[in-house]
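This report goes through selected features of the structure shown below, starting with the contact between chains.

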Amino acid sequence: MTTETAESVEAAGVAPAADPGFLQRYGASIEYILIPGAALIGALAVFGGFIALYGKNPLDLYFYMYYGAFGTWFSWQNTLTRAAPLILTALCTALPAQLGMVIIGGEGALLIGALSATSAALALQGAAPIVVQTAMVIAGMIGGGLWIALSGGLRQYRGVNETISSLLLVYIALAILNHLVEGPMRDPASLNKPSTREIGAANMIGSIPGTDVHWGLVFGLVAAVAAYILVYHTTFGFAARVAGGNIRAAKIVGLSVGKLIMTVCFLAGSCAGLAGMIEVAAVQGRTNANLAAGYGFTGILVAFLARQNPLAIIPVAILLGGISASGGLLQRRLGLPDASVLVLQGIIFVFVLASDALYGRIGFLKGKS
Amino acid sequence: MADASLGLWTVPLAVFGGAIRVSTPFLFVSLGECITERSGRINLGLEGTLVMGAMSAYGISYLSGSPWLGVLAAGITGALFGALHAGICSLPRVNDIAVGIALMLLGTGLAFFLGKPLIEPTAARLPAIDFGWWSDIPQLRAALRINVLFLIGVAIAPLLYWAFRTTRWGLLIRTAGESADAARAMGHSVLLIRLRATMVGGFLAGIGGSFLSLFYPGSWNEGLSSGQGITAVALVIFARWDPMLCLWASLAFGGAAALGPALQSVGITSGYHLFNAAPYILTLAIMIITCSPKRTLTGAPAELSITR
C-alpha cells in the first residue's frame, strides 16, 4: 500500500519528464539510495559545522577523511579490514529486523564468539591448522548464535523486550570475558594486558594474497550474500518477512513464529560470533578486552543505514569502515579526539532515522499522532 | 580496631552504603524515564544522556567552581537531548526505540569528544551530609555520608506518584500514554505533551549523570557509565511505571551494584567482574520473572511500543 503511493509520489515529484514506466518500477529503489545518501551528506555537513566550531577547517576534515578512508591502497586495506566485522555485526541486527525485532546486542555475541573460538583453538592445540580453524568457526558461530537466541527465546517465551535484553547481555558478556581473561583463562605471561594464551601463529587465518586484508572480508561477503538469498529468495525468508509484517497473519497461515524467531536469532548471533572469531584468528591472535572495540555498536548503525538489506550492508559497512579507518589520521593531522568518529556515527544515525519520514512523501505534511 | 571487630559485617554495611550511593543515578534515570514512558514513548537514549550529563556537570563545575551549577547544566543538557529525541520521534514513521539507540551512541560519542580535556583536572564536587556523626565505626560513618541529590531523588518519587494521580499534568501525561486519540479528542497536542515529558525525563537523567561525575565515583572518565542508563530503563518496566516502586527498585539495584566492591574490600576478589555484572543479571532475571508473553504488563501505558 505504502509502496504504491511512494512510487507515485516519487514519480510525480522528482522527475515528471522522465519515462513514467521506469520510475514506476524503480522509484522505490531510487528512493532507497537517494534518501540515505542525502541523510549522509546532511550528517557530514553538520559534523563539518561542529568541527568548525571546534576551530578546525571542515574542508581539511573532509579531505583527511577521504584520504584516510579511500585515498591510498594502504587506507583502502585498512578500510576493508574494518568493514569485515562490521558486515557481520550488521547482519546481527538486520536478520532479526526482518521479523520486526530490534536486536542491538551484536557486541555481546561478538565477544562470546571470540571466547568460544579461542577456547576451541586452545583445546585443539597440536591439531592441523585447518581442523583448528574449522573448529574455531563452528565454535564462534554457535557461541554467538546461542547468545542472541537467548534474547529471541526470552522475547518469544517470556515476553521480555529483545532490545533491552540483548543490550544487557552485552554487559554480561563483557563481564564474562573480563572474568575469564583475568582468571581461569589468563596467560600468566600477559602482565600488562590480561589475555588468554595465543592460538598459535599457524592457526591464524592470514591475508588474501597480494593484500594485507585478512580472509575475514571474504567470510563477511559470503555471509551477506547468503543472508540476502535466505531473506529474499527462500520460503524461510518469505515466512520470516510475513511474520515481521503481521504476526497475526503469520499465525493464521500456520507459520511457527517461535521457530522462526529462534532460528533467525541464532543465525544473526552466529554472524556476530563469526566476527569475533575473525578478530581473534586474523587480528588479535588471542582474546582480551581489546575485542570490545565497538564493532557491535557500529554494526547497528550499518544495518539501519542499509535499511536492513543484507546486500546493501556491504557498501555501507565499507563506508563506515572507512570513517573509522580515517579516525587515526584525523587525530594525527587535525588533533581531533579519537571520539570524533563516534560523534560522526551518532550524527549519521540521527539523520538516517529522521530521513525515514521522507519515504513516499516529500515534506513533513502529515503528523503520525 | 573497629575494622577487626566488624569482620564480615563490612559486606552488608558496604552494600547498604552502596545501595544509597550507587542507586542515585538509577533513581533519577528511572524516574525520568517513568515520566517519558507514561506519556507513551520510550527513550532508550538515556544512557547517552547520563554520560552527557556527567560530562557537562564536571565541565561546568570545573569552570565555574560551583558543583550546583554543574548539576543544573547537566539537567539542561539532558533536557536538550530529550527535546532532540522527541523532535525526531514526532516526524512521521520514525521508531522511538531506534532514535533512542542513535542518541545513546551520539550522547556517548559527544561526551567523550567534549570531555577529553576534562579527564585530567579536578572539579569541585558535591557536598555530602554526615548522618553518621553519632557512630565511631568508620565504615558506618562512610555508609551514612549521604548526598543531597539522593534525598532530592527520594523526595521526587512520592511527589511524582502524587502528581500522576491528582494533578492536571499527571492526567494529561497518562492520557497521552493510554490513548493518544483520547488526548487529541480533549483538544491537546499529543506531540507537545510527549515533548515536555521527554524533556523533563532527560532533565532528570542528566542530573543522575551529574551525580556520577560530581559525587560517586566523583571524576570524569570514559568508563564512568557502563549501562546504568539502560538498566534504569529496564527497571521502569520492572517497577510497573510506578514512581514509588522505581525508588525501591533503584535501592535494590544500587545494593546489587555495590556487591562487587564490597566483597573486594574484604578480600574476595576472584569473581570481581562477575559481581560487577550483578545489576545486569538481576535486571534480566527480574524481567524474565515478571514479563509474560500472554498478557501485557499491568500498569503498562497502552501506547508504549515496547510492550507491543
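## Contact between the chains

The contact draws 43 residues from chain B and 43 residues from chain A, where two residues are in contact if their C-beta atoms, placed from the backbone, lie within 7 Å. This is a predicted model: local features need pLDDT of at least 70, side-chain atom pairs count only at pLDDT 80 or more, and totals for chains, interfaces and linings use all residues. Residues are numbered from 1 along each chain as its sequence is written, and chains are lettered from A and ligands numbered from 1 in the order in which they are written.

On the side of chain B that touches chain A, the elements that give two or more residues are helices H5 (96–115), H10 (190–214), H11 (228–238), H13 (272–276) and H14 (278–290) of chain B. Helices (H or I, at least four residues) and strands (E, at least two) are DSSP runs, numbered from the N terminus. H5(B) provides the largest share of that side, 12 residues. By class, the side of chain B that touches chain A has 31 nonpolar, 10 polar and two charged residues; Ala, Val, Leu, Ile, Met, Phe, Trp, Tyr, Cys and Pro count as nonpolar, Asp, Glu, Lys and Arg as charged, and the others, Gly among them, as polar.

## Chain A overall

Chain A has 15 helices and zero strands. Of its 369 residues, 52% are buried. A residue is buried if 20 or more other C-beta atoms lie within 10 Å of its own, exposed if 12 or fewer, and partly exposed in between, with C-beta atoms placed from the backbone. Among the contacts in chain A with a separation of 6 or more, 75% join residues 24 or more positions apart.

## Helix H7 of chain B

H7(B) covers residues 148–166; at 1.5 Å a residue its 19 residues should span 27 Å, and its end C-alpha atoms are 27 Å apart, which agrees. The expected span is 1.5 Å times one less than the number of residues. Buried in H7(B) are B:Leu149, B:Phe150, B:Gly153, B:Ile156, B:Ala157 and B:Leu160. They cover an arc of only 110 degrees around the axis, which puts them on the same side of H7(B); the arc is that of the directions from the helix axis to the C-beta atoms. The buried residues pack against H2 (10–38), strand S2 (145–147), H10 and H12 (243–265) of chain B. The face turned away from the buried side carries the exposed residues B:Ala155, B:Pro158, B:Leu159, B:Arg165 and B:Thr166.

H7(B) packs with helix H8 (residues 168–178) of chain B at an angle of about 75 degrees, with their axes 5 Å apart. That makes H7(B) roughly perpendicular to H8(B), a term for angles of 65 to 115 degrees. Axes are lines fitted to C-alpha atoms, for helices over the stretch in contact, and angles run from 0 to 180 degrees between N-to-C directions. B:Ala163, B:Phe164, B:Arg165 and B:Thr166 of H7(B) meet B:Trp169, B:Gly170 and B:Arg174 of H8(B).

## Backbone features

Most residues other than glycine have a negative phi, and most peptide bonds are trans. A:Gln308, not a glycine, has a positive phi of about 60 degrees. A:Gln308 lies in the loop between H12 (295–305) and H13 (310–325) of chain A and is partly exposed, with 19 other C-beta atoms within 10 Å. B:Trp241 also has a positive phi of about 60 degrees; B:Trp241 is in the loop between H11 and H12 of chain B and is buried, with 24 other C-beta atoms within 10 Å.

The peptide bond from B:Tyr216 to B:Pro217 is cis, with omega near 0 degrees. B:Pro217 sits in the loop between H10 and H11 of chain B.

Note on methods
Angles under 35 degrees count as roughly parallel, over 145 as roughly antiparallel, 65 to 115 as roughly perpendicular and the rest as oblique.
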